[in-house]
Amino acid sequence: MSQSTQIAPASKEPRPGFARRRFDATRLLQDQGLVIVMVIFGGILSLLSPTFLTTTNLLNLLLQASALGVMALGMMFVIIGAGIDLSVGGIPALVSVLAIGLAVRSELPIWFALLVAVFVGVAVGAANGFVITKLGIAPLIATLGTLSITIGLAFAYSGGTSIVPVPDFYNLLRRANVFGIPINIIILLVLAVITHLVLTRTTFGRSLYAVGGNRQAADMAGIRTTRIIFFTYVISAVAAAIAGILFTARLASGSPQMGLGIELTVIAAVVIGGTSLFGGRGNVLGTVVGAVLITMVTNAINLLGVPTAWDRVLLGVVIVIAALLDVLRLNFHERWMSRKTS
């Protein structure tokens, strides 16, 4: 007896496994796309310059990225809350000359000088937060004002010249390492882990995403939006103060010109890392990778012998591209969510 076989018609519906794989691939490109870009960029650099992949150059690259990464982590809090903080360009200079000045000129203990310098960072952040949340001044204008004030104070205190020599603490900070890894890089990694835990495991972090995504809805949900935004500026300023200490250790001098213009680089690192300028979205890994990627651009300019004047030009191009990618990501996400819910 012959056995007939019925062949089921091919279904037009995607198989669950296939749909899930496509979804994962999309998420991979969204979440880790910057890492892929960094690996490709690094591969091209290694072909163009045999020096790039040396241990010395890679450690130096990460060392340069560490202070920028610390500032970017602080800035990320502000941008997730749909704000902006330009004052980070002046805080490292003020912290640098103030700490060394108190320790060298006034002969105060270095720990006390550092404590005062960090407290100044807290005060600048609190002033930003107060002016923005209580007086209603736009973040761009408020922090532009404190940027000018902090730079002016740094020049006034130092007399416009660098302060040397630095106390032994800075020399120790510059030379210290753990298993060959400079302590500055370890500080960045530790702060990155703490930032990740704050953003993902605390009520403050979850509320910050809600405030940045839709402040009016967050208000209606009972979230204390004013307090959260206030503290984002304090966190950003403290991160800039810590970066000022790291910069001082690396350069072995207290300079009023330290970090001038770095605010745009910090913002670029955060936005390139996937944090939306419109608020409500951002992650630590992307921010750290963004800081490393921008430092790689500077490293490439040095290795390939490109005139340093092109550094600022290239940074401007990177910022424009980052803003454009942010808009494209937002549009893609909205279309994807629309198809998913339809």
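1. Asp168, Leu172 and Arg175 are exposed on one side of helix 6. Exposed means over 50% relative accessible area, buried under 20%, and partly exposed in between, with a 1.4 Å probe and protein chains only. Helices here are DSSP runs of H or I with at least four residues, strands are E runs of at least two, and numbering starts at the N terminus. The model is predicted: local features need pLDDT of at least 70, side-chain atom pairs count only at pLDDT 80 or more, and totals for chains, interfaces and linings use all residues. Residues are numbered from 1 along each chain as its sequence is written, and side-chain values use heavy atoms, leaving out hydrogens and water.

2. Tyr170, Asn171 and Leu173 are the buried residues of helix 6, which runs over residues 168-175. They cover an arc of only 160° around the axis, so they sit on the same side of helix 6. The arc is taken from the directions between the helix axis and the C-beta atoms. The buried residues of helix 6 pack against helix 3 (91-105), helix 4 (110-133), helix 7 (183-201) and helix 10. Contact means heavy atoms within 4.5 Å.

3. Helix 5. Just after helix 5, Gly159 takes a positive phi of about 75°.

4. Nonpolar core. The largest nonpolar core has 76 residues, and Met71, Tyr170 and Met296 touch the most other members. Such a core is a set of buried Ala, Val, Leu, Ile, Met, Phe, Trp, Tyr and Cys residues joined through side-chain atoms within 4.5 Å. Helix 2 (residues 55-80) gives the most to this core, with 14 residues. Not counting residues up to four places away in sequence, Met296 touches Met38, Phe41, Gly42, Leu45, Phe52 and Leu61.

5. Ser255 is in the loop between helix 10 (225-251) and helix 11 (262-272). Its relative accessible area is 13%, so Ser255 is buried. Beyond neighbours within four places in sequence, Ser255 contacts Ala93, Ser96, Val97 and Ser162. Thr265 is in helix 11. At 12% relative accessible area, Thr265 is buried. With neighbours within four places in sequence left aside, Thr265 contacts Leu68, Ile294, Arg312 and Leu315.

6. Thr202. This residue lies in the loop between helix 7 and helix 8 (203-213). Thr202 counts as partly exposed because its relative accessibility is 26%. A polar atom of the Thr202 side chain lies 2.3 Å from the backbone oxygen of Val198.

7. Overall figures. The protein has 13 helices and two strands. Buried residues make up 42% of its 342 residues. Among contacts between residues at least 6 apart in sequence, 77% join residues at least 24 apart. The accessible surface is about 17,900 Å², with 68% belonging to carbon and sulfur atoms. Areas come from the Shrake-Rupley method with a 1.4 Å probe; for residues, only the protein chains shown count as cover.

Definitions and conventions
Polar contact = N/O pair within 3.5 Å; in protein donor to acceptor, adjacent residues only side chain to side chain.
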